[in-house]
Every structure is written in C-alpha cells, then in structure tokens.
Amino acid sequence: YVCNVPDYCVDEVSDHALAMMLSLARRLPVLDKNVKNGHWDFRPFRPFFRIKGRTLGVLGLGRIARALCIKAESLGLNLIAYDPYVEEHMLANLKIRLVSFDQLLEESDFLSIHCPLTPETQGIIGRNAFPKMKPHAILINVARGGVVDEESLVEALQTGQIGGAGLDVLSKEPIPKDHPLLQFDNVILTPHSAFYSEESTA
C-alpha cells in the first residue's frame, strides 16, 4: 500500500532538532571532549548565552516545525518563521510571528530548517544568507541536505559568521571522510537518524 502518514516521526525529528540546539548552545560536545582529554575548564569555550529570551526561527512551517516551536516555547524562546505558503490566520493559537526571509536570517539565534528540497529552496542557506545571520547563530538542518550550501557553510564557520551547526542531513550521504565539516568542534553531525525511534518504525 502507498499512503500518506502525516504524523510520521513528527516528535522524533522535532526532538532531534531541539537536542542539537541545546547541545550546541550549552557547548556540550566540546566540553565533553575537553573533560575526557583531562581539562576541567569551561572558560576557553565562552561565551555561553541563556536560552530563555532568545529567538528560534524556522524555515518552513509544517507539522515538524510547529511541534518544535511548541517545545521551544516552553523553554522561553521567541518564535519566528518564514514560509511563503502560510498566512497568519493559519497559525491558530501558536505564538509564531511570520517574517520575511531576510528577517528570519537577521533575527534568529537558532535557525532550524524544515522545508522540502525544491528548485526554490536549493542552496537557499548559502553565500548570500550567512553574512545576514548573527555571529553566534546556530543552524540546524533536519530536513534535506541540499537546502544548505555546504561549501558556504564551511566558509561561514571558518570566518565566524555563525556560531555552529547541527546537521542530520547532507547533500551527499554518507559524509566523505575528508569533508571539512568533520573538523569543527561547533558542528554536530548525525547519520540521517532524526526520524528514528522504536515507536516510529513499529
């Protein structure tokens, strides 16, 4: 049978995006590595920022993005979104402010991607986008790899245009062993696993 399952892995993917956001915001990967290497000091990895009061922006406002926003609101995050196919009256009781694409880039402390890969979205987060983002902004992609121009992302990380990235999807999977994204302590990479739980595959 071929059928639509609209609620498939909504919780799993939104949980994965939130976990990446929190891990990078609190510097967990690099702090863990530092302690295991015998260094009991967080100061080299400052600054850290309080999550409450920061802004989560979502690119695409489907079921997964909405689930993420509900979870993020409970942490005190402000919510903004860009989705040209959604209008204010469609947001029901969600406390999400619709903004332009440029506003999304400029205002987001966390930018989470939840749009499909289409000719319209191919490489939309690329060389023209990163300079508009905050230097401490964290990019999360649990949607499709091609939405992010990975060469431009590497440049943005190298030059400090953004603060970090969490990627569950890449334009080429599995990631090549010599890929420059593997070199960054402020990047979390997972193997296209955001969809998975025992429940989602039952």
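**Close-up 1. Ala-92 is exposed, at 67% relative accessibility.** The cut-off for exposed is over 50%, so Ala-92 qualifies at 67%. The model shown here and in the other views is predicted. Ala-92 sits in the loop between strand 2 and strand 3. Its phi is positive, about 55°, although Ala-92 is not a glycine. Most residues other than glycine have a negative phi.

**Close-up 2. His-192 also has a positive phi without being a glycine.** The value is near 50°. His-192 belongs to the segment after strand 7. At 32% relative accessibility, His-192 counts as partly exposed.

**Close-up 3. Strand 1 (residues 55-59) and strand 2 (residues 78-82) run parallel, joined by five bridges.** The chain passes from strand 1 through helix 3 (residues 63-73) to strand 2. This β-α-β crossover is right-handed. Thr-55 has Asn-78 as its bridge partner in strand 2. Leu-56 has Leu-79 as its bridge partner in that strand.

**Close-up 4. Strand 1 is mostly covered, with five of its five residues buried.** Thr-55, Gly-57 and Leu-59 point one way from the strand. Leu-56 and Val-58 point the other way. Strand 1 also pairs with strand 4, in parallel, through four bridges. In strand 4, Phe-110 is the bridge partner of Leu-56, and Ser-112 is that of Val-58.

**Close-up 5. Helix 2 (residues 28-36) has Val-30, Leu-31 and Asn-34 buried.** Seen down the axis of helix 2, the buried residues fall within an arc of 100°, so they line one face of the helix. Gly-38 follows helix 2 and has a positive phi, near 95°. The loop between helix 2 and strand 1 holds Pro-47. The peptide bond from Arg-46 to Pro-47 is cis, with omega near 10°.

**Close-up 6. A cis peptide bond joins Glu-173 and Pro-174.** Omega is about 0°. Pro-174 is found in the loop between strand 6 and strand 7. Most peptide bonds are trans.

**Close-up 7. Helix 5 (residues 150-158) buries residues including Leu-153, Val-154 and Leu-157.** Glu-150, Ser-152 and Ala-156 are buried as well. The cover over these buried residues includes strand 5, strand 6 and strand 7. At the start of helix 5, a side-chain oxygen of Asp-149 reaches to within 3.2 Å of the backbone nitrogen of Glu-151. Gly-160 follows the helix, with a positive phi near 75°.

**Close-up 8. Arg-127 makes a side-chain polar contact with Glu-155.** The distance between the two side chains in this contact is 2.9 Å. Arg-127 lies in the loop between strand 4 (110-113) and strand 5 (138-141). Not counting residues up to four places away in sequence, Arg-127 touches Asp-149, Glu-151, Ser-152 and Glu-155. Of these, Asp-149 is the residue whose side-chain oxygen approaches the backbone nitrogen of Glu-151 at the start of helix 5. Ser-152 is buried in that helix. Arg-127 counts as partly exposed, at 44% relative accessibility. Leu-117 is 10 residues from Arg-127 in sequence. In space, the two are 18 Å apart, C-alpha to C-alpha.

Definitions and conventions:
Residues numbered from 1 in each chain as written. Predicted model: local features only at pLDDT ≥ 70, side-chain atom pairs only at ≥ 80, totals over all residues. Heavy atoms only, no water. Helix = DSSP H or I, 4+ residues; strand = E, 2+ residues; numbered from the N terminus. Buried < 20%, exposed > 50% of the residue type's maximum accessible area, 1.4 Å probe, protein only. Contact = heavy atoms within 4.5 Å. Polar contact = N/O pair within 3.5 Å; in protein donor to acceptor, adjacent residues only side chain to side chain. Arc of directions from axis to C-beta. Pairing = 2+ DSSP bridges. Right-handed = clockwise from strand over helix to strand, strands pointing away.
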